[in-house]
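Let's take a walk through this one, starting inside and working out to where the chains meet. Keep the 3D view open as you read.

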Amino acid sequence: MSGTQPFRLASGGEVDRDRPIRFRFGGKAYTGFEGDTLASALLANGVRLAGRSFKYHRPRGLIGMGVEESNVLVQLGSADRSTPNVRATEVYLYEGLEAAPVNCWPNVRLDIGGINNLMSRFLAAGFYYKTFMWPNWHFYEGIIRRAAGLGRAPTQRDPDRYESRNAHCDLLVVGSGPAGLAAARLAAASGARVMLVEQDSLLGGSLLHDDATIDGSDARAWIDATKEMLAASEDIVVLARTAAVGYFDHNALTLLEQVGNEAACAAGSVRYRLWNVRAKRVILATGALDRPLVFSGNDRPGVMLATAVRHYVRRFGVVPGKKAIVFTNNDEAYRTAFALAEAGTIVSAVVDARSHPPDNFSSRLSHFGIALIAGGAVVATKGAKALRAVQVRSGDGALRWVDCDLLAMSGGLNPTVHLFCQSGGKLRFDEATASFLPGNSAQAEESVGAAAGTFTVSGALQSGHAAAHRALLTLDLECCLDAPVCAEERLPQPLLPLWHVSGGRGKAFVDFQNDVSADDIGLAARENFISVEHLKRYTTLGMAADQGKTSNVNALAIMASLTGRSVQDTGTTRYRFPFTPMPLASFAGRARADLFRPLRMMPAHERHIRHGAAFEDYGGWMRPSCYPLPGESHAAAEQREALAVRQSAGLFEGSPLGKIEVVGPDAAKFLDLIYANTMSTLKSGKVRYGLMLNELGAIIDDGVAARVEDTHYIVCTSSGGAARIAAWLEEWLQCEWPGLDVVVAPVTTAWGVVTLTGPAARRILEKVGTSFDLAADVFPHMSFREGLVANIPARIFRVSYTGEVSYEINVPASHTPELWDRLFAAGATHGITPIGVDGWMLLRTEKGFLHIGADTDGTTTPLDVGWGYVLKKKSDFVGRRSLLLPENQRSDKLGFVGFRAVDPAVILPVGEHVVITDADSTQRSDGYVTSAGFSPVLGMGVALGMIHGGDTRLGDTVSIGVHRAQVVPPAAYDPEGKRLNG
Amino acid sequence: MLLIECPWCGPRDEVEFQCGGQSHIERPGPPEAVSDERWGAYLFERINPKGLHRERWVHAFGCRRWFNIARNTATHEIIAVYRMGESSPDAPSGDGAVP
């Protein structure tokens with residue numbers, strides 16, 4: 001025995017005894033070796049009691065060796081790197097590791113929650129549903145939720161880095177046991193692009209704990225030779241510590257690579273890497289997991305799965321006990337008995353449920369002095385915090401207690417069919433192995449080796465090789481390599497299905513992690529929850545972190561026998577993604593914090609910062625809402641900026657405004673179909689406002705279109721509609737009118753837009769210099785020019801959203817800051833003021849201009865906003881037929897109007913309803929306010945909204961919340977439009 | 001996660017595409033000649049077959065071209081990919097509804 005690790009062998013295993021590693025578990029210091037997992041190091045140190053169960057807080061110890069471990073979940077790491085519910089079997093030891101068992105307080109030995117165990121006969125399945133009914137569930141929910149759960153979610157921000165990668169390959173091999181290695185080896189020799197993934201840190205799978213002679217050499221030597229061969233090719237990617245967690249349509253698989261531990265991440269390593277792989281063919285060599293046996297007290301620390309016990313002995317040089325009993329219904333566990341005996345553990349007996357166990361073990365049994373109890377069973381166990389003895393029933397029915405501190409059990413092997421099921425494949429129940437095996441494939445994959453029910457090394461090698469051969473043929477790849485050969489010492493004898501050992505007192509657990517016992521399944525059956533999906537939800541069987549990896553098949557078989565059905569007919573619950581728990585951060589990858597939804601900055605962003613802008617997110621763009629002066633409120637800034645536009649000039653960056661070039665001989669014809677109004681009659685150099693509808697007749701966007709020349713338009717959309725409308729035009733063009741000769745090109749971000757607006761706008765623009773005449777009669781409202789502005793090539797739209805003379809100046813995006821500076825400098829003597837979105841919206845509200853999406857919703861048609869004349873248009877357009885529907889022709893539909901509060905100081909609240917009170921005092925909505933603000937130039941509140949009947953209601957006085965208001969036309973300021981034409 | 005053979009770009013991952021729903025829906029017209037019922041059917045009536053379904057998809061994060069997919073909604077098998085304006089390949093017998 002080795003130093004301070006009383007259960008460590010002096011030699012053997014894949015651990016480096018010259019490299020001790022210190023770690024802490026539950027506050028106590030221990031030492032393990034390089035190559036250990038937390039689980040093997042705990043066993044080496046004799047830590048048997050390492051966790052408490054979820055519901056009854058029963059003492060638990062390690063049961064498994066990998067993903068199937070259901071008992072020892074730990075809180076790993078501390079502070080911001082604290083991770084809950086990590087299986088101790090999957091944590092590779094590192095210097096300074098800190099872990100603590102979950103679900104116990106104050107510690108795992110003295111756990112207050114253990115009182116639940118004393119009350120366990122009252123806490124059967126469905127207890128909560130039946131008990132906490134008065135006065136209602138919510139009365140108890142808080143307390144129960146606090147008591148539930150295992151580890152604690154970290155409260156601090158995760159400091160680690162996570163990555164994702166995409167990959168393609170010809171063949172993806174999942175699992176590196178004998179079958180997987182044989183498949184990868186052949187594929188590699190053929191020149192195929194191969195990915196081999198293994199969730200363990202070492203390749204080899206079952207060869208890490210089983211003796212085999214392959215192609216004349218020892219299994220370890222064969223693994224090394226195969227690894228060397230794979231490493232020699234650049235087309236082969238081998239990923240260890242990588243679990244294939246998801247299998248999706250068309251051979252898309254998700255892999256989770258565990259890259260750095262806590263210590264490495266602190267030094268800058270990536271923690272996890274998520275791989276999205278598309279494989280032409282997939283070979284599933286996922287192996288098999290041991291099935292527990294269900295008998296009273298089978299959850300006591302010291303009762304372990306037989307294969308796991310052998311794994312600890314062979315792989316880690318750790319013996320999990322000094323005196324062992326083996327309980328089995330198959331040949332597999334005999335290997336464990338021999339491995340233990342070879343390592344010096346006393347194996348008192350192999351208890352085999354079969355009356356006539358294979359006699360070819362007899363010489364080795366007698367060599368080690370191991371008694372064979374045929375036709376026997378373990379019916380009960382003893383030990384407060386760890387196993388002390390088991391009660392054995394021999395073939396003749398006699399009962400006796402046998403002292404032991406380790407019970408290795410095996411109820412047969414469950415092929416790991418999770419990925420196969422996720423791929424859409426159907427399982428079949430195989431009576432010979434009493435397990436579910438892959439049936440028909442739904443995708444280009446094949447299961448091999450133990451995953452397909454072939455439990456011998458020679459069989460696994462052959463099936464892996466043959467499957468790879470078939471896969472390569474479909475890929476037209478040559479392969480010339482002989483299958484590896486393993487001389488198998490003997491063929492395993494059939495097992496005897498044993499689902500439940502009755503006769504013991506106390507709970508016989510099926511699902512260790514969720515504390516579901518055989519009695520709970522009986523209860524579910526009595527209460528008619530016999531569908532497996534009902535059984536799962538009623539008892540919580542197969543839920544939680546292990547997703548029933550050890551429990552599902554036992555549970556189904558017990559339910560099958562209780563209901564007189566076959567296991568096949570009873571069926572399985574659905575195997576879902578992910579195969580093992582994944583950190584949420586691995587999904588996010590780099591897309592966190594600032595990179596989660598990167599905000600877009602306008603080309604002159606830097607200028608707005610200099611002006612002291614207050615930024616907000618407008619549809620993904622960072623835009624100034626206003627530019628508050630020192631000590632000025634946002635509301636005051638909005639008023640000042642808006643007033644400056646009315647009195648002198650304002651400067652506004654509108655770069656996100658959508659810009660789409662529509663070019664081609666049929667451009668005019670196409671836009672007539674897209675807009676509710678006519679665009680073909682527009683003259684070159686002119687601009688027209690238009691509405692776009694969907695086929696329901698509802699307004700989806702508005703904006704102006706400029707005709708540059710006969711076959712060339714520029715369509716401007718709202719900022720929020722830029723991408724959506726470009727896609728909308730493409731869809732109609734490609735799907736409905738492919739015969740039209742038109743090209744649509746979205747150019748939104750290629751152009752920066754600076755809008756100069758106000759009575760001084762023309763004089764300022766003259767000052768910076770333009771290559772064209774700005775006189776009102778030469779370049780009037782609703783015109784378009786291409787030319788130079790301040791010597792910058794520009795496209796100028798003379799359109800107005802403020803009601804003042806406005807120039808929307810488009811320049812190549814990189815020139816935007818320069819244009820901004822030139823205009824600002826030229827306007828200094830005119831009191832030019834930068835204006836944000838808040839002031840901008842106030843100005844258009846004063847003018848009664850629509851803001852699509854604010855004033856309108858998904859039911860608003862052009863008829864509702866005073867555009868009845870569009871129906872006079874002769875030609876068809878998108879949405880036209882819907883406008884003719886009786887519903888859209890109703891005169892009492894909601895229509896667009898202005899509201900003026902009787903008290904001019906009142907700003908009507910946006911969203912407030914126009915209320916009608918009926919004769920019987922019931923109130924109903926007659927409309928609502930959609931936009932409102934205080935007009936600094938008018939000195940009163942202005943508002944827009946919708947009211948039933950629309951402009952037929954002009955002059956009515958209505959109640960809006962507590963306010964009285966008059967229905968008025970939308971334009972409150974300069975209704976004749978004299979100013980914008982100036 | 002479907003692997004979709006864009007007729008213009010070749011096989012690409014589903015995340016690059018958007019589905020535009022049932023394909024081969026005839027837009028009735030001219031507007032004055034279409035009954036309310038016919039127009040309502042055009043707007044709202046869609047099939048929801050188990051089995052073969054013809055849909056139109058757009059390679060939104062690629063070439064931005066629209067095309068048709070004949071897809072089995074039960075198995076997610078893509079039976080055919082064909083361009084706009086091309087006729088739909090015949091459905092395998094007994095394999096779901098045909099629009």
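**Starting from the core**

Find A:Val326 and look around it: leaving aside residues up to four places away in sequence, A:Val326 touches A:Ala306, A:Ala333, A:Thr336, A:Ala337, A:Val347, A:Val350, A:Val351 and A:Ala408. Bear in mind that this is a predicted model. A:Val326 is part of the largest nonpolar core, which has 174 residues. Together with A:Leu171, A:Ala183, A:Val194, A:Ile283 and A:Leu407, A:Val326 is among the residues that touch the most other members of that core.

Now on to a pair of helices in chain A. Helix H8(A) covers residues 306-316 and helix H9(A) covers residues 332-342; their axes come within 9 Å and cross at roughly 35°. That crossing is left-handed. On the H8(A) side, the contact is made by A:Ala306, A:Thr307, A:Val309, A:Arg310, A:Val313 and A:Arg314, while H9(A) brings A:Glu332, A:Ala333, A:Arg335, A:Thr336, A:Ala339 and A:Leu340. Sorted by type, the residues of this helix contact are six nonpolar, two polar and four charged.

Last stop: how many residues does each chain put into the contact? Chain B gives 21 and chain A gives 19. On chain B's side, the elements giving two or more residues are helix H1 (36-44) and strand S4 (52-58). H1(B) supplies the largest share, three residues. By type, the chain B side that touches chain A has 11 nonpolar, five polar and five charged residues.

Conventions:
Residues are numbered from 1 along each chain as its sequence is written. Chains are lettered from A and ligands numbered from 1 in the order in which they are written. This is a predicted model: local features need pLDDT of at least 70, side-chain atom pairs count only at pLDDT 80 or more; totals for chains, interfaces and linings use all residues. A nonpolar core is a set of buried Ala, Val, Leu, Ile, Met, Phe, Trp, Tyr and Cys residues joined through C-beta atoms within 7 Å. A residue is buried if 20 or more other C-beta atoms lie within 10 Å of its own, exposed if 12 or fewer, and partly exposed in between; C-beta atoms are placed from the backbone. Two residues are in contact if their C-beta atoms, placed from the backbone, lie within 7 Å. Helices (H or I, at least four residues) and strands (E, at least two) are DSSP runs, numbered from the N terminus. Ala, Val, Leu, Ile, Met, Phe, Trp, Tyr, Cys and Pro count as nonpolar, Asp, Glu, Lys and Arg as charged, and the others, Gly among them, as polar. Axes are lines fitted to C-alpha atoms, for helices over the stretch in contact, and angles run from 0 to 180 degrees between N-to-C directions. A crossing is left-handed if the near helix is turned anticlockwise from the far one by less than a right angle, and right-handed if clockwise.
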